Amino acid sequence: MSDDPKRTPLNQWHRDHGAKMVDFGGWDMPIQFEGILAEHKAVRQRAGLFDVSHMGEVRIRGDDALAFIQHLTTNDAGGLELGQAQYTLMTNHAGGVIDDLLVYRLAETDYLLVINAATTPKDVAWIEEQAEDFGGLLEVRDESDEWAQLALQGPDAETILSRIVALDLASIGYYRAAFTDIDGVQALVSRTGYTGEDGFEVYLPPSQAADFADTILDAGANEGVVPVGLGARDTLRLEAGMLLYGNDMDESRSPVEANLRWLTKPGKGEFIGKDAIVAQIEAGTAERLVGFELIDRGVPRHGYELYGADEQAIGEVTSGSFSPTLQKGIGLGYVPAEHTEVGGLLKVDIRGRKLEVRVVKTPFYRRPQPS
Amino acid sequence: MADYPEDYKYTKEHEWISVDGNEGTIGITDHAQAELGDVVYIELPAVGDQLQAGQPFGTIESVKAVSELYAPVSGEVTAIHEELIDQLELFNEDPHGAAWMVRVRMADSSEIEALMSSGDYVSFLESAEGGH
């Protein structure tokens, strides 16, 4: 790609806060500030602030907005209340995953889709094409440049955010959102995230983003809130068993193979990819995504080969990392169905050495529940 | 720029060696640890193994990357810093001191002459960074 990387409204803010920057899917993003382990720990124990403004946003409005979203996505958006969010997928006609996304119902006939950064151009083209075929009373608008997005994640996130927004955050449940006023502009505050911790994602106009980031750091100074880069975002989401689009799923994989069958609701009626997905649900798939942990010391990484106990090559690691919380190597990968049993032993080739791994249930990490 | 001890020698692969008689102590540079980030795993040779100058002798792994360790000089490994394996934060805290990795009995002390002085290494880092 010869194009200059895109920049979020916090680009200079990151540099001012000592970030090490990298190219991520065409975006110039912070990989780390103080260090991945320290940032990871801050989110698990206190709170961390993430810039996720690179994510795309598509607004869908009109009397037929819901019917179109039901057609476009695999989950059932029919029961969404005002301010409620839903994790869902867009699939192609063969049932392959085009993207994973959030759908917010903002008003009666007004929905916001939040999509991955690297897939935004592809997704927007797909959605517009489907909308044209669908017809009806419908407006599709790419608002990706109109929203900055900050995520405040960790056990202290609610305490910190409560000091600076007028909302009663305790009244916002998981996967619920509400509009509030931040410095005279409308912002959407949502109890969602990609870390496995409690926390919020705040959508606001790009012009307010840097000031709001400063406000959060000031408000959480006592709790020790820190800025967090994409490095810790990846280790946090992997521990929480959350998939990364482009690594753990793509258009060649179906929700059934990716263990995301719970996001498909064939009972709701027609949607793109339904026939292929239903056939897979009924017949099963040859391969499925599994989580595994290293028994020996070692770190599995994206692209490393997986082997069965009999040394037969059976698949590849799609995501792998050292888990800072569990202090061992963990990973995800697609393997034949007969190798997916929890507790089963496989091997991963780490630069020429085949080390044993155990298939485990995901998430690898679950946060302690408040008593 | 970090402090690079003047009595050490340095490689383009970002190792340092401190020489005492015919014994050399080897570690990674401050630049290397800063590039790697938090170190989570290392793989070192065993006492008695033979190192070849310029050849890999182990690996070092951080949360985000893995990289090979290259021998600055040839020789036999006389000591391994075993305690380091459980104190990997030393790489990030004291790369030029407490985070030494191995000691070798050098086979050919003239190999040292081919390595960079601290001044040369600092210039090398500046030119490499300028080139990016």
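**Figure 1. Strands β2 and β3 (48-51) of chain A each supply at least two residues of the lining of the largest cavity.** Strands here are DSSP runs of E with at least two residues, helices are runs of H or I with at least four residues, and both are numbered from the N terminus. The lining is made up of Met29(A), Pro30(A), Phe50(A), Asp51(A), Val228(A), Gly229(A) and Leu230(A). By class, that gives 5 nonpolar residues, 1 polar and 1 charged; Ala, Val, Leu, Ile, Met, Phe, Trp, Tyr, Cys and Pro count as nonpolar, Asp, Glu, Lys and Arg as charged, and the others, Gly among them, as polar. The volume of the largest cavity is about 30 Å³. On a 1 Å grid over the protein atoms alone, a cavity is a set of points where a 1.4 Å probe fits but cannot get out, a pocket is an open set with protein on both sides within 12 Å along at least five of seven lines, and lining residues have an atom within 4 Å of a point. Grid points are joined across faces, edges and corners, and a volume is the space filled by probe spheres set on the points.

Please keep in mind that this is a predicted model, in which local features need pLDDT of at least 70 and side-chain atom pairs pLDDT 80 or more, while totals for chains, interfaces and linings use all residues. Residues are numbered from 1 along each chain as its sequence is written, chains are lettered from A and ligands numbered from 1 in the order in which they are written, and side-chain values use heavy atoms, leaving out hydrogens and water.

**Figure 2. Here chain A meets chain B, with 17 residues from chain A and 16 residues from chain B in contact (heavy atoms within 4.5 Å).** Together the chains bury about 1300 Å², meaning the accessible area (1.4 Å probe) that two parts lose on being put together, summed over both. Look for Arg297(A), Arg301(A) and Arg351(A), which supply 40% of the area that chain A buries against chain B.

**Figure 3. Glu43(B) and Arg353(A) form a salt bridge, with their closest N and O atoms 3.1 Å apart.** The count between the two chains is 4 salt bridges, each a side-chain nitrogen of Lys or Arg within 4 Å of a carboxyl oxygen of Asp or Glu.

**Figure 4. The second largest pocket has a volume of about 370 Å³.** Of its 21 lining residues, Phe322(A), Gln327(A), Val39(B), Val40(B) and Leu88(B) lie nearest its centre. Strand β4(B) gives the largest share of the lining, 3 residues.
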